[in-house]
Structures are given as C-alpha cells and as structure tokens.
Amino acid sequence: MFSCIKSLGVTGVGGYEVSVEIYITNGLPAFDVVGLPDAAVKESRERVRAAIKNNGFKFPVSRMTVNLAPADKRKAGTIYDLPILIGILSAAGEIKTPSSDCAFIGELSLTGELRPAAGALPMAIAAMRCGIRELYVPEANAAEAAFAEEIKVYPVRDIRQLLKHLNGEERIEPAAVPAVIRNDENLPDFADVKGQENVRRAMEIAAAGGHNILIVGPPGSGKSMMAKRLPTILPDMNREEIIQTTEIHSVAGLTGIGNPIVCSRPFRSPHHSISAAGLSGGGSNPRPGEISLAHNGVLFLDELPEFRSDVLEVLRQPLEDGQVTVSRASGTVTFPSRFMLVCAMNPCKCGWYGHPSGRCRCSLNDVRRYQSRISGPLLDRIDMIVEAPALDYEELRSKAPSESSAEIRTRVNLARQRQQQRFDNADTMCNSHMDSRDLRRFCRLSPEGEELMKDAFERMGLSARSHDRILRVARTIADLDGAEDIGIEHLAEAIQYRTFDPTGQ
C-alpha cells in the first residue's frame with residue numbers, strides 16, 4: 001500500500017516542495033522515517049501514532065516507511081506531522097487520498113489538535129509557485145499564509161475537522177487575506193523630543209534616504225530617545241517589502257494570530273553583549289539574526305563602542321551587499337539584510353568628554369582608546385555622523401510644542417515618492433541603495449559643487465566610499481527640498497555630516 005502527500009519545507013527564508021511518501025508492507029511492525037530528518041521529524045512517529053489512536057482510527061500494525069523527498073535536503077521541525085498522518089490513513093485505506101494539488105503542514109498534539117508552525121508565509125508562496133491550489137495549515141497560521149493571495153488556505157483546528165472536510169461532510173471556509181494596517185498609535189512620537197534640532201534634521205534626512213547614522217553625545221542628551229522614534233517617521237512598506245519582512249519574522253517564529261503579517265518597519269535593538277552569530281544568524285539549522293530581522297527597518301546599536309570588535313565587523317558586508325551569507329556543515333544560507341543602521345555612543349568612557357561642566361576626568365589617550373574601538377572601515381560605511389549636545393535648562397523646560405512624527409513623515413513620504421519616480425521601478429528603492437551608475441546619472445554637480453567636493457575630498461582625506469555616500473546624502477537633501485538638481489547648499493550640508501571626527505584624532 002502506497003500514498004504520496006504533498007507538503008513543504010523551509011531553507012533560509014525560502015520554501016520548497018516536499019513529497020511525503022508512505023509505504024506500508026507486511027513484516028515485523030516498524031515505523032521508519034527517512035529523507036535526512038532531524039530529531040524533531042523523527043519524533044513525529046509518536047505524535048502521529050497517538051493522534052491516530054486518540055481519534056478512533058486503527059494504526060496499521062505493519063512495516064511502514066516514510067520518505068521525505070527530495071531525500072538530499074535536510075528536513076527540520078514538526079511541520080510534517082500532519083502530512084505523515086494523512087499519508088498513513090490514506091495508504092491504509094481509512095480515507096480517500098487527497099488530490100495532488102493539495103498540500104499539508106502542521107504539528108500535531110497527541111489528541112490530534114494542530115499547533116502553529118514557523119515559516120507559513122514562505123511555504124505558502126512556494127506552494128503557489130509549485131502549482132498547489134489548496135494549502136491546509138494550522139488555524140493560527142492561516143491569516144499569514146493567506147497573504148500569498150493566489151492560493152486557497154484552509155485553517156485547520158484538528159484532524160477530525162480536516163477529515164470531515166476532505167470527505168465532503170463539513171466544509172472549512174478558506175482564510176481571508178489579512179488587511180495591511182500600520183498602527184503607530186502606541187509608538188513614541190518626536191513631539192516628545194526637546195531641542196536637538198540638528199539631530200532631528202539629520203534623522204529626517206536619514207529616514208528620507210534610508211541612510212546610516214551615528215549620534216554622538218553625553219548621557220541624557222536624547223540619543224536613544226530619538227532613535228526609538230525613527231520608525232514613526234519612516235515611510236509605509238509596500239507589499240513586496242511586507243512579504244520579505246514577514247517571511248524573515250515567520251521563519252524566526254515571531255508571527256502569530258495577533259500579528260500574522262509585519263505591517264510596520266522593524267526596529268531591532270540588540271544588547272551590546274550579543275554574539276556575532278546572534279547578529280548575523282546561525283545555528284546548526286541556520287536562522288536569521290538581528291541584521292536580517294531588521295530587514296527593511298532599523299537596526300539600533302546603543303553604546304556602539306561597547307560591542308565586541310568581531311561583532312561589529314560582521315556588519316561590514318551586509319551594509320554593502322544588503323544580504324548576509326551563513327555557512328554551516330549542513331549547507332550555506334543567504335538571508336536578506338537591507339537595513340538602516342542607527343548607532344549611538346558617548347564621546348568617552350564616562351560620557352562627559354567636552355561637556356562645559358568639566359566633569360570628565362578621562363585623559364586624551366583614554367578618549368582616543370575608547371573611540372578607536374570602532375574601526376575605520378565601519379565608520380566609512382556610516383553616511384551621517386551628528387553630535388547631540390547636552391540640553392540646557394531652558395530647552396528642557398520649554399513648553400513650546402515640538403514637531404510631531406506625522407508632520408515629519410509627510411515630508412519623508414514626499415521625498416521617497418520622488419525617489420521612486422526617479423528610479424522607475426528599478427531594484428533601487430531609495431537613495432542609499434544607488435550604485436555607481438545611478439550616482440553618475442542622478443547626482444551630477446554644478447562647477448561650484450565640483451569645486452566644493454574636490455576641496456572637501458582633499459582636505460578631509462575622504463575615501464571613494466565616503467565620496468559616494470556624501471553624494472547620496474546630498475541627493476536626499478535635494479529631494480526633501482523638492483529640487484531637481486543637487487545645489488551647493490545641499491552638498492555643503494551633506495559634507496557637514498562627515499566633518500565630525502569621533503575618533504578624536
């Protein structure tokens with residue numbers, strides 16, 4: 001007796017089709033699972049056996065072989081419980097074999113209830129590409145999987161409900177596509193920020209062009225406060241960005257009934273004790289790290305010099321390529337990691353270097369040693385460096401209202417719209433993603449601008465990368481002004497964000 005049930009798997013953040021083949025034959029009772037299963041897949045034997053018996057079906061007392069094809073790909077997780085159960089009942093003649101355009105995923109409890117699985121959206125998208133028309137998933141994953149749109153997704157509560165549906169006794173209604181609703185009501189607002197007009201301006205430019213930014217200032221100057229408010233002024237994600245972000249969070253197990261899709265741009269703020277693998281991703285079965293979970297959003301590194309040097313150096317390739325490759329014995333996986341890097345740091349170990357109160361007791365060598373923990377190549381990949389001075393009493397107690405996040409986001413959205421029209425549906429989404437060809441085409445300078453750029457390049461000892469990043473920032477400033485060309489005032493402001501030297505040398 002033989003049956004074949006379609007299922008799916010996940011590698012990295014992409015899904016692929018899996019055929020669950022069941023063969024029942026005479027011989028001593030046995031239940032073998034082959035096809036490179038991990039421990040969780042092998043343990044499905046006991047869950048499936050208990051679920052079949054607890055729901056009134058007869059478990060075959062025969063020799064059973066379950067093959068998960070393709071057999072050369074490692075299978076991980078508990079998502080194969082449901083297709084194995086359906087395959088066994090089908091091969092044993094207990095139920096009719098489902099059609100070949102149906103697929104099943106889900107973990108079983110011992111009583112036959114379905115528990116949620118990670119990676120529902122990437123598997124639904126893979127099912128759609130493989131020609132599967134009906135996908136049966138746990139009830140908690142249905143809304144997420146339904147976002148694939150071009151496939152019918154059936155939410156399954158338990159196997160009794162599923163078998164009644166397959167037998168035509170009691171139909172399950174397909175899940176509806178969840179609505180995309182950005183909810184910023186409970187997020188902090190820029191209206192709470194007192195003073196720091198220069199930092200607010202820099203944050204607006206960074207949000208408008210997707211630029212990396214470093215904020216340097218003493219404790220209590222509002223660095224972390226403003227960084228946490230950055231997501232409220234970022235533009236809305238389009239459908240493609242929502243799918244990309246949700247796929248990553250789904251594989252990491254961060255989606256659920258309350259948040260089936262990720263509608264708002266992520267904000268990730270790992271502690272400085274994080275490991276390199278925690279930042280880049282890893283594990284025996286590689287999972288996305290913090291830089292991938294921040295894809296299409298913000299990665300905030302507070303107290304930047306406190307991070308270990310090997311952790312910070314992990315950022316160099318993703319900042320350039322927009323992806324990170326994790327190699328393990330089980331294989332190589334590439335995760336997307338196109339994020340805005342926002343960093344904050346104190347000017348010295350005690351934090352008060354240069355403060356008018358003179359409370360800092362660090363020597364100049366101590367200051368340089370502390371600030372030199374950040375390597376030159378990493379600093380070269382940061383577009384903007386801005387100083388956040390300590391607030392005076394009048395600024396702190398001022399009753400004058402500050403500009404809200406909604407007002408700033410209006411200008412940011414207009415600037416992003418100009419960029420999208422300029423790039424005309426190309427892979428470039430914003431100014432920070434421009435390559436050398438885009439720079440030559442869209443960042444032409446006037447003769448006066450060329451002279452200013454040459455003077456800054458020679459006087460400041462800029463690298464080619466710094467030169468390009470200044471042009472990208474200048475292009476964003478011009479977009480915020482609604483200017484067609486980069487003016488000398490736009491270029492001068494962009495250069496200003498490279499003049500602060502955080503190394504103190």
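A: Let's start with helix α6, which covers residues 159-166 and has Ile 159, Gln 161, Leu 162, Leu 163 and His 165 as its buried residues. Buried here means under 20% relative accessible area, exposed means over 50%, and partly exposed lies in between, using a 1.4 Å probe and protein chains only. Helices are DSSP runs of H or I with at least four residues, numbered from the N terminus.

Before reading on, please keep in mind that this is a predicted model, where local features need pLDDT of at least 70, side-chain atom pairs count only at pLDDT 80 or more, and totals for chains, interfaces and linings use all residues. Residues are numbered from 1 along each chain as its sequence is written, and side-chain values use heavy atoms, with hydrogens and water left out.

After the helix comes Gly 168, which has a positive phi near 80 degrees.

Next, the pockets. A pocket is an open set of points on a 1 Å grid over the protein atoms alone, where a 1.4 Å probe fits, with protein on both sides within 12 Å along at least five of seven lines; lining residues have an atom within 4 Å of a point. The largest pocket has a volume of about 890 Å³, the volume being the space filled by probe spheres set on the points. It is lined by 39 residues, and Arg 338, Asp 427, Met 429, Cys 430 and His 433 are the closest to its centre. Helix α20 gives the largest share of this lining, 4 residues. The second largest pocket holds about 410 Å³ of space. Of its 19 lining residues, Val 262, Cys 263, Ser 264, Arg 265 and Pro 266 are the closest to the centre.

Finally, the cysteines. The structure has 0 disulfides, a disulfide being a pair of cysteine sulfur atoms within 2.5 Å. Cys 348 is buried, with a relative accessible area of 1%. Cys 430, which you met in the largest pocket, is also in no disulfide, and its nearest cysteine sulfur, that of Cys 443, is 13 Å away. Cys 430 is buried, with a relative accessible area of 3%.

Terms used:
Helices (H or I, at least four residues) and strands (E, at least two) are DSSP runs, numbered from the N terminus.
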